[in-house]
Amino acid sequence: MLRKIICGIAMAGVSGIALVGATAASADTLRIVVPFSPGGAQDTLARWYAQHLEERTDMSVVVDNRPGAGGSLAADEVAQADPDGWTILQASGGAITIAPHLRELPYDPQNDFVQIAMIADTPMTLAVRADSPFETLDDVIEAAREQPGEYAFASTGHTSVSHLTGTLLAEAADIELLHVPYQGAAPGLSDLLGGIVPLMVTSAASIDPMVAAGEARVLAVFSPIELPNLEGVPTVEEVLGTDGLNSPVWTGYLAPAGTPQERIDELSAAIQEICELPETRDRYMSLGAAQTCGDAAALAETMAVDFERWGEIIQAAGIEPE
Amino acid sequence: MDLFSNLMLGVDTALDPTTLLYCLIGVTLGTLIGVLPGIGALATISLLLPITYHIAPAPALVMLAGVWYGAQYGGSIASILLNLPGTPSSAVVCLDGYPMTKQGRAGVALFVTTIASFVGSMIGIFILVMFTPAIAALALRFGPAEYFAIMLLGLVAASTVAAGPPVKGLAMVVLGLLLGTVGTDVGSGVARFHFGFPQLRDGITLVALAMGLFGIAEVVGSVNRKLGAEVRERITFRSMLPTRTDVRQSSMPMLRGSAVGSFIGALPGAGVAISAFMAYAVEKRIARDPSRFGKGAIEGITGPEAANNAAAQTAFVPTLALGIPGSATMGLMLGALIIHGIQPGPLFISNQPELFWGLVVSFGVGNILLVILNLPLIGMWVALLRVPYKLLYPAIIIFICIGVYSVRNNVFDIQLVAVIGILGYILVTFGFSAAPLLLGFVLGPLMEETLRRTLLLSRGDPTVFIERPISAGFLAVTAALLIWSAYSSYRMQRREKLARESGLKAPE
Amino acid sequence: MKGKDIGDILGGALLIAIGLFAAIYAQRYNFGTAAQMGPGFFPVVLGVILIGLGVVIAVPAFARIGEMPEFRWQPLGLVMAAIILFSVTLRPLGLILATMASVFVAASADRNFTWFGRAVTSVGIAVLVFLIFRLGLGMNLPVWPRGF
């Protein structure tokens, strides 16, 4: 008797689940694959677009966080997804324009994706502690010329955008800096503020609150950004007087190659519309991002330039592929 | 008076009915996911993060924080009852908590860990209230040399964590260090021991390791042996109360554990698990009779339990005072602020006093709620032991799989649990203990990274370790500890020899 | 070998094998110098230490009497099979079916189960898991096979 009752309850449970499961799966759901854990700037961006896409279209949108292997797990996931327009990748440099120069990847960043739209630039900055003797980027260059290799810069990881951007600066200014990699921005900032490393190349987002508190200063930015705390900070391009040094840290949406063009256009239009909203601008301010909106062609152009630039830097700096 | 007005401000925020409700939800959920093996605060908070979009920042943060420290309470429950750590940081509690269950003292163990958790948290909160700016400034002075020195101290102090022959414990620490080298090397960007699996580039996840070593090995060893219902423990309120000896033996360890935990917790990057191990090592070191450890010594659960709860509170010091999160979970807390357009950073406390003080007061409230919640539930948890093991273990296996999956949404990690489980089972069967392996794994990457960074910055000159006072201090303590252990083992041998010569049996 | 402490001999041998493997495999990574230790430094040093400790554990065991510990291969195998089964079926078949299949295999490790008992347990745990992780915690897990 008891068995029958248990059995009955279980069956009822299963059929209940079947109902819930069926309703959840039947709706059209756009899946945005994000190569980072929840909580960071990239995830916050994805959720911003997810929320607004849901409001503006009749799709339901889920954010699928697939962190790991520098973003290449997420990229691979999307490269292999059905090109039906219901799975897209929120991409940024690392896995798409840097990783192919360093190692074999299970996907082809050039041919496995099509661009949808560009949504943001989260620029890199060169930062020092508030009481640093360096007042300008020129001071750093001068000091580094006198004592090559003496000054160290912290980066957020080996062959991260931060590392390569620092190397780009050293190459362009023809100076030698000691590279000290950290795992992410937090431990690097801790050592920058603690006076262990004199320089750090890190995102505007991560340094902004430290500047606001008077703990750190930014000597230069690597692409233009509008943030109250960084007003009047020159770009590296301006200081060195050479063109082509702007290196935006782009974020954009990609779809698997073969996705129908109409679907791409539809998504692209919706995403660009959200990107250009005034409230998006405010949101970006708090994330340390610049509202760099663009269509598929603009994203393709940015990616191509990025791909070439990092290839050259990796070669020039003698960073060996695996 | 300033402090008083700040606290009153906090009380206003924290006792707001909505905030209070979210606090209760947070701590309840925290306890629950703490009990479930595998799924932890990190995964749960990332699941909750999108929901906090729709809540005001104060209740949102209060709830997420509640999950975090609530999980510390819950984590030890499965450790004690099933020898299965609910969270990696409560793995240490298995060592003496599970033997207590086998002795029919599960109720007492759960009771004292609840109290220890409460004491640890309260001391951690006290330190958070009183010394946040000072500790934050101190934490910034910890460069790579200091971190290396303190990790070395931790390793030496904790190499005694294992029961059984010290050489086996040491071998497990080294194996743990070695497993810690799997994944991308921070210094050079080279991925080590990845065998072509891209998922291994980020290393072995701590949860997968802890679950494979403790959970799977335990399940395999217990199937067909443990029937459940074998420990007929009477569940009365009286049977849960610790004896006078228990109270005497655990009050000082709680205070020491809280001190250790508060200190380690405040260092960004060190983490809660390390503090629990260190507290255990301290207790075992200073115990008059270290041989009781591993056999149900009550200090072996109260010290670490107080430590990991204190650390869970002081972990907020660098996170909130500097805007530098010490762990992935703390990063998520900052993410919750960013979602609401609030910039975390050194100005957070002065710009958002109601939020900071409200949060701090809510920690106090949350911990009181946790005690109220947990004490009556002890009976229910102990009753779990009556569930036949054959129904329990398949569920445990699935929970572990889903929990491990939840960390990175990656099925590869589940397969990793299977591989680690085989290794763990073989090692345990050969008489090695898993706890020191876990410790080596937690400490290893940090030690390697900081050692290499120190020498990189000093251009290879090792004297920096002695030139920097904090690092020199820790190294001196480490050296003293080594000498003292060598001396005491020499004295022990001599005493045994004398005892044997005089024809008496050596004391156990 | 009979009568020797085979457990410790094999345990030590296992450590020696792991240490050897690590030290040799890590040769492919740059060892580096004191100022710039390479990625190979730690693994090689740790591998060598592990070999040493393995020797220290195994050698004295030859002079000692002990017993070979009992290995429980059957439950180990079934539990591993259950975990692997779950990992490969979760994405394609969804949470419910993966759980049921996996529990069914895991439950075979226990001698006291009847077929019926196993079936009921697997359904029960599947329901429990769905309630906790999908409904309760709202985890982003596929519940049913794709396209269902």
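Student: Into which domains is chain A divided?
Tutor: Keep in mind that this is a predicted model. One domain of chain A is made of two stretches, 27–121 and 249–316, and is called domain 1. The other, domain 2, covers 124–240, so the answer is domain 1 (27–121 + 249–316) and domain 2 (124–240).

Student: How many residues of domain 1 of chain A are in contact with domain 2 of chain A?
Tutor: The C-alpha centres of the two domains of chain A lie 27 Å apart. Where they touch, domain 2 of chain A brings 16 residues. On the side of domain 1 of chain A, the count is 15 residues.

Student: Which element gives the most to the side of domain 1 of chain A that touches domain 2 of chain A?
Tutor: Helices H4 (93–102), H11 (278–287) and H12 (296–316) of chain A each give two or more residues to that side. By class, that side has 11 nonpolar, 3 polar and 1 charged residues. With 4 residues, the top giver is H4(A).

Student: On to chain B: why can we say chain B is as compact as a globular protein of its length?
Tutor: Chain B has 22 helices and 2 strands. For its 508 residues the globule rule gives 23 Å, so chain B counts as that compact because its radius of gyration is close to this, at 22 Å.

Student: What percentage of the residues in chain B is buried?
Tutor: Here a residue is buried if 20 or more other C-beta atoms lie within 10 Å of its own. Applied to the 508 residues of chain B, that gives a buried share of 64%.

Student: Which helix supplies the largest share of the side of chain B that touches chain A?
Tutor: This contact takes 39 residues from chain B and 36 residues from chain A. On the chain B side, H15 (328–339) and H20 (434–457) each supply at least two residues. The largest share is 6 residues, and it comes from H15(B).

Student: And which helix supplies the largest share of the side of chain B that touches chain C?
Tutor: In this contact, 50 residues of chain B meet 58 residues of chain C. Helices of chain B that each supply at least two residues include H3 (41–48), H8 (166–180) and H18 (389–408). The largest share is 10 residues, from H19(B).

Student: How many residues on the side of chain B that touches chain C are nonpolar?
Tutor: That side also holds 11 polar and 7 charged residues. The nonpolar ones number 32.

Note on methods
Residues numbered from 1 in each chain as written. Chains lettered and ligands numbered in written order. Predicted model: local features only at pLDDT ≥ 70, side-chain atom pairs only at ≥ 80, totals over all residues. Contact = placed C-beta atoms within 7 Å. Nonpolar A, V, L, I, M, F, W, Y, C, P; charged D, E, K, R; others polar. Rg over C-alpha atoms; globule rule 2.2 N^0.38 Å. Buried ≥ 20, exposed ≤ 12 C-beta atoms within 10 Å, placed from the backbone.
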